Amino acid sequence: MQRICYTFFFCISFLLCWGNNQIIDQVLWVVGDEPILRSDIETEIARRKYEKETIEGDPYCVIPENIALQKLFIAQAKLDSISVPEASVNQQVDARIRYFISQIGSKEKVEEYFKKPMAEIRSTMTAAIHDQLLAQEMQRTIFNDVRITPADIKRFYNTFPKDSIPMIPEQVEVQIISISPRVTLAEQERIKSQLRDFREKIESGEYEFSTLAILYSEDRGSALQGGELGFMTRGKLVPEFANTAFALYDPKKVSRIVESEFGYHIIQLIERKNDQVNCRHILLTPKIGYKERAEATQRLDSLAKEIRLGNSNFTDCALQYSEDEMSQQNEGTMINMKNGTTKFELQELPAEIAKAIYSMEVGEISQPFSYTDEKNKERVAIVRLKSRIKAHRAHPDTDYQLLKDMVTGKRNQEELEKWILEKQKETYIYITPEYRDCNFQFPHWIK
């Protein structure tokens with residue numbers, strides 16, 4: 001099945017590169033009151049080639065049909081008064097502009113590359129991304145009435161060819177007791193002193209904030225962008241960071257040092273826009289000393305011995321001692337954020353945890369070990385292998401969510417196709433003769 005959701009991920013770059021009077025435009029399709037131009041089709045074909053995407057079938061049939069589907073979704077969204085938040089559009093525009101800058105070198109080089117001022121690039125990109133998000137929102141409303149019951153799952157499983165049911169790799173459930181080694185006051189002061197030095201050098205003009213961010217910030221995702229985070233609402237930032245970022249008004253000033261769960265930051269305002277702020281930051285994370293790591297390791301080693309002797313149990317100790325908030329409230333069992341279950345394939349676990357449980361027996365408790373968590377902080381932990389599920393074909397008893405997702409995807413696709421066929425019949429569609437011999441995925445474009 002061809003992908004119905006037509007996206008604009010990089011087509012903007014081609015629109016800017018090749019849409020500058022290099023293609024003689026002509027209206028080739030009309031869907032409702034929306035035209036599809038020759039340049040629209042040529043631009044998307046060029047994008048697909050650039051991205052090395054495979055086009056199954058004749059590009060001059062597949063591409064215009066995908067664009068026409070997009071037009072159907074957008075037209076209905078407008079009729080149903082569906083909208084998308086301006087903040088969501090701006091966030092994606094900012095992210096893509098930052099991507100172009102990171103690839104090309106600077107805003108000036110991006111303008112030179114696309115032969116357009118940044119304001120025009122942003123305007124064109126905003127319109128395209130708005131339409132993309134609007135079409136996606138329309139599709140979500142089509143799926144709203146889809147309800148999947150356990151009976152649907154069972155019926156699907158019983159009728160689906162057994163050799164087509166997916167294989168599930170080996171999975172494990174892991175309990176963890178994780179603590180953070182103590183950070184010394186001397187180490188905290190070392191970090192703060194370094195950030196104070198950065199602030200002085202930036203405000204004196206000796207260095208640009210972006211240069212120091214690239215060189216030193218331990219938030220490597222933003223460091224590659226000179227520390228820039230892009231436009232964010234208050235709710236997308238941790239409270240301590242947000243309070244300081246939204247209190248900044250002078251782009252020439254650097255904030256006080258801010259401590260958050262990620263470490264210590266200094267922040268510089270770039271721009272404010274309504275309820276959003278775009279800023280740069282430099283993050284430094286305190287390092288754990290040998291003595292402090294050894295103390296945490298000894299503490300967990302003693303705890304593990306007590307559990308092995310039967311004087312305590314792992315679940316109670318996780319509730320009492322673990323500093324991993326997510327698993328602590330789940331009897332110490334780790335939660336896979338990718339699927340919301342407690343089951344992990346080995347490669348989905350942090351490498352140090354996967355290594356610790358690789359050869360363990362169910363019920364066995366590891367020796368203490370150090371690992372780096374998702375916030376780039378060093379922790380010391382012990383783990384218990386709660387269960388190991390061997391590789392197998394998906395079954396409702398053990399893999400209900402996976403099968404539910406398969407059934408939901410199938411039902412959504414059916415509802416979407418049904419909706420498209422109905423909309424084709426009631427929507428004005430005109431196609432120029434050169435496209436009428438295409439073998440389209442949906443049959444009612446030609447009336």
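1. Tyrosine 371 is buried, at 5% relative accessible area (buried is under 20%, exposed over 50%, partly exposed in between; 1.4 Å probe, protein chains only). The model is predicted: local features need pLDDT of at least 70 and side-chain atom pairs count only at pLDDT 80 or more, while totals for chains, interfaces and linings use all residues. Residues are numbered from 1 along each chain as its sequence is written, and side-chain values use heavy atoms, with hydrogens and water left out.

2. Aromatic pairs come next. The search of the whole structure returns nine of them (Phe, Tyr or six-membered Trp rings with centres within 6.5 Å; planes under 30 degrees apart are stacked, over 60 edge-to-face, the rest tilted). Tryptophan 29 and phenylalanine 440 pair edge-to-face, because their planes stand at 80°, with ring centres 5.4 Å apart. Tryptophan 29 belongs to strand β1 (residues 27-31), and phenylalanine 440 to the segment after β12 (429-431), so this pair ties together parts that are 411 residues apart in sequence. Helices (H or I, at least four residues) and strands (E, at least two) are DSSP runs, numbered from the N terminus.

3. Elsewhere, Tyr99, Phe100, Tyr113 and Phe114 make up one aromatic cluster.

4. The charged end of lysine 273 sits over the ring of phenylalanine 231, 4.2 Å from its centre. Lysine 162 lies over the face of tyrosine 157, and here the distance to the ring centre is 4.9 Å. The test asks for NZ of Lys or CZ of Arg within 6 Å of the ring centre and within 35 degrees of the ring normal.

5. Which residues are closest to the centre of the largest pocket? The pocket holds about 1,000 Å³ of space. Its lining has 38 residues, and Asp373, Glu374, Lys375, Lys377 and Arg379 are the closest to its centre. A pocket is an open set of points on a 1 Å grid over the protein atoms alone, where a 1.4 Å probe fits, with protein on both sides within 12 Å along at least five of seven lines; lining residues have an atom within 4 Å of a point. Volume is the space filled by probe spheres set on points joined across faces, edges and corners.

6. Several elements build that lining. β6 (258-260), β7 (263-273), α14 (325-328), β9 (369-372) and β10 (378-389) each contribute at least two residues. The most come from α14, which gives three.

7. The open sheet has four strands, in the order β5-β8-β7-β6, with antiparallel pairing. β5 (232-233) and β6 are the edge strands; each has a single partner, so one side of each lacks a neighbour in the sheet. Strands pair if DSSP finds at least two bridges between them.

8. β7 and β8 (residues 276-284) run antiparallel and are joined by nine bridges. Within this pairing, glutamine 268 has arginine 280 of β8 as its bridge partner, and tyrosine 264 has leucine 284 of β8. Two residues separate the strands in the hairpin of β7 and β8, where asparagine 274 takes a positive phi near 55°.

9. β6 and β7 are also antiparallel, with three bridges between them. Serine 260 has glycine 263 of β7 as its bridge partner. These two strands form a hairpin as well, with two residues between them.

10. Two further buried sites are worth checking in the viewer. Isoleucine 168 is in strand β3 (residues 167-168) and is buried at 8% relative accessible area. Isoleucine 168 and aspartate 397 are 229 residues apart in sequence, and their C-alpha atoms are 13 Å apart in space. Alanine 318 lies in helix α13 (residues 314-321) and is buried at 0% relative accessibility. Between alanine 318 and glutamate 331 there are 6.5 Å, C-alpha to C-alpha, with a sequence separation of 13 residues.
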